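Please view the sequence and the structure together before reading on.

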Amino acid sequence: TTCTYLKTPAGIFTEVTLPIDEVMEDGDSINSAKIIFNCYYDDYDTDYKFGTPQMLLMVHKDEMHTFFEKNKLTDDISSFYAAYNHTYNRYEYNNIASLITYCNNKRQAWLASNPGGDIDTEYPDWNKVMLIPVTVATDSSNGIVGFRHDFNLNSVRLVGGTDKIDIKVITSKFN
């Protein structure tokens, strides 16, 4: 209940519920939103220790399958990537403000087309994203040309479950 796992090549991903209601409650404009996923340090010593996924994709749950099927690149709206930070043992997404706006727009569109509907039971994934370990394919000038599922033997425990994850949001209000 205090952690969540990412395991490759087993395909164990982490689902994250973003606090869209709390962030958007005042109707402010979001300037930036930073979220950090801290990793637990392994408390065992063995010769057969798994590696840590080096790259983590955050993608809206609705788009998880089509992202890979259509060989998409991250668009910094509904999908982002972060490299593993060895120094601080974490993954940092420095600005997912557009993702929060994207989720809020999905909610508003659903509510408009389903008046009187209960979004939490009929469309529970509107505010969900998936964290997926990936490898990055690059071209000769190191430009990213694709993302693939990570098939290396990797495993990491992230702080989560009943432990809250902090998201730092900077908003503006115009009069």
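## Basis and helix 3

Helices (H or I, at least four residues) and strands (E, at least two) are DSSP runs, numbered from the N terminus. The expected span of a helix is 1.5 Å times one less than its number of residues. This is a predicted model, in which local features need pLDDT of at least 70 and side-chain atom pairs count only at pLDDT 80 or more, while totals for chains, interfaces and linings use all residues. Residues are numbered from 1 along each chain as its sequence is written, and side-chain values use heavy atoms, with hydrogens and water left out.

Helix 3 is made up of 17 residues, 97-113. From its first C-alpha to its last, helix 3 reaches 25 Å, close to the expected 24 Å. Its buried residues (under 20% relative accessible area; exposed is over 50%, partly exposed in between; 1.4 Å probe, protein chains only) are A97, L99, I100, Y102, C103, N104, R107 and W110. An α-helix has 3.6 residues a turn, so residues three or four places apart point the same way.

## Salt bridges

There are 6 salt bridges in the structure, each a side-chain nitrogen of Lys or Arg within 4 Å of a carboxyl oxygen of Asp or Glu. Side chains of opposite charge can pair when their charged atoms come close.

One of them joins E15 and K61, with 2.5 Å from N to O. E15 belongs to strand 2 (residues 14-17) and K61 to the loop between strand 4 (55-60) and helix 2 (64-69), 46 residues apart. K61 also meets D125 at 3.5 Å, N to O. D125 sits in the loop between helix 4 (119-122) and strand 7 (128-138), so this pair ties together parts 64 residues apart in sequence.

E92 is in strand 6 (residues 90-93) and K34 in strand 3 (residues 29-38), so parts 58 residues apart in sequence are tied together. K34 is partly exposed, at 29%.

## Surroundings of S79

S79 lies in strand 5 (residues 79-85) and is buried, at 2% relative accessibility. Its side chain reaches the backbone nitrogen of D75 at 3.1 Å.

Leaving aside residues up to four places away in sequence, S79 touches L57, M58, V59, F67, L73 and T74, where contact means heavy atoms within 4.5 Å.

Note on methods:
A polar contact is a pair of N or O atoms within 3.5 Å; within protein, one must be able to donate a hydrogen and the other to accept it, and residues adjacent in sequence count only if both atoms are side-chain atoms.
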